[in-house]
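Visitor: Please bring up the structure, and then let us go through it by question and answer.

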Amino acid sequence: MNLRSPRKARPAALVSALVSALCSLCWIAVLPPTATAEEARSETTATNLTFFELRTYYTHEGKLDALLKRFREHTVALFEKHGMTNVGYWVPVPNDEQILVYLMAYPDRQARDASWKAFMADPEWKATYAASTKDGKLLRKVDSVFLQSTDYSPALKIAASDPARLFELRRYTTETGKLPNLDARFRDHTIGLFGKHGMTNLVYLHLAPDQEGTENTLVYLLAHQDSASRDASFDAFRDDPQWQTAKKASEAAGPLLIKGGVQSLLLEPVDFSPIK
């Protein structure tokens, strides 16, 4: 998917650009400071899950509702049955291409492969798939990207907030050899400043080995109260003298990111998403 610039985005193109960029080459949330007791009860923590899979389903025209129904009534529970952790399910804002984006977590790649093998062989899944596609297939394309958490990523907390938050998936592409410098800037400055200005740091991820872009890609997920608060937070962040100083110091020897190296996609959770 072609992730948009931080200000203006065309989500349909962004989704295909972000995933395409990653493919050509775990979700995780912290409750906001105003979380209620009810929100806290809905929180799940699984700090042993550090391997993730970002999956994007492109539906045929008019088939998104049928796909969501299949996930709501069958797929999500079957994933859990076979040892997968459902993190979040979202649709882009807006969703012109009728896309579903979701994030799964696993202990490691071997566990992921074993779980999917068992899921695909499950008679209940086979029957569900057959029933849901009797009038034609729902999907025209599936993209999958494997990711692993960075050493500075927050621990995995999957929480439902009421009202649901606005999520933002961001992808940074660095100049050759600059990913460690970018990681250092996030570790030492950016994450704290995001929190200072009202953003919720959810998860920070690198591409898993053996994928194109592993050496120069950072993917992360934020949550915001809504679109207006998101814009206000980024304005305050960019104007913060501490950020300006950190950015200048980190780029003393040259820029960390390639031209156009920041892409962003806004997402809203669907009704059955564990994280909201």
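**Loops, helices and rings**

Guide: Serine 161 lies in the loop between strand S6 (157–158) and strand S7 (166–174), strands being DSSP runs of E with at least two residues and helices runs of H or I with at least four, numbered from the N terminus. This is a predicted model in which local features need pLDDT of at least 70 and side-chain atom pairs count only at pLDDT 80 or more, whereas totals for chains, interfaces and linings use all residues. Residues are numbered from 1 along each chain as its sequence is written, and side-chain values use heavy atoms, with hydrogens and water left out.

Visitor: Is serine 161 buried or exposed?

Guide: Buried means under 20% relative accessible area, exposed over 50%, and partly exposed in between, with a 1.4 Å probe and protein chains only. The relative accessible area of serine 161 is 10%, and therefore the residue is buried.

Visitor: How far apart in space are serine 161 and isoleucine 275?

Guide: In sequence, serine 161 and isoleucine 275 are separated by 114 residues. From C-alpha to C-alpha, their separation in space is 7.6 Å.

Visitor: Which peptide bond is cis, with omega near 5°?

Guide: The loop between S6 and S7 also holds proline 163. The cis bond with omega near 5° is the one from aspartate 162 to proline 163.

Visitor: How are H4 and H5 oriented to each other?

Guide: The axes of helix H4 (residues 109–121) and helix H5 (residues 123–132) come within 5 Å and cross at roughly 60°; axes are lines fitted to C-alpha atoms, for helices over the stretch in contact, with angles from 0 to 180 degrees between N-to-C directions. Angles under 35 degrees count as roughly parallel, over 145 as roughly antiparallel, 65 to 115 as roughly perpendicular and the rest as oblique. H4 and H5 are therefore oblique.

Visitor: What is the geometry of the aromatic pair of phenylalanine 186 and phenylalanine 194?

Guide: Rings of Phe, Tyr and Trp (its six-membered ring) pair if their centres lie within 6.5 Å, and planes under 30 degrees apart count as stacked, over 60 as edge-to-face and the rest as tilted. The structure holds 29 aromatic pairs. In the pair of phenylalanine 186 and phenylalanine 194, the centres are 6.2 Å apart and the planes make an angle of 75°, a geometry that is edge-to-face.

Visitor: Where is aspartate 210 found?

Guide: Aspartate 210 has a positive phi of about 70° although it is not a glycine, and with a relative accessible area of 81% the residue is exposed. Its place is in the loop between strand S8 (200–207) and strand S9 (217–224).
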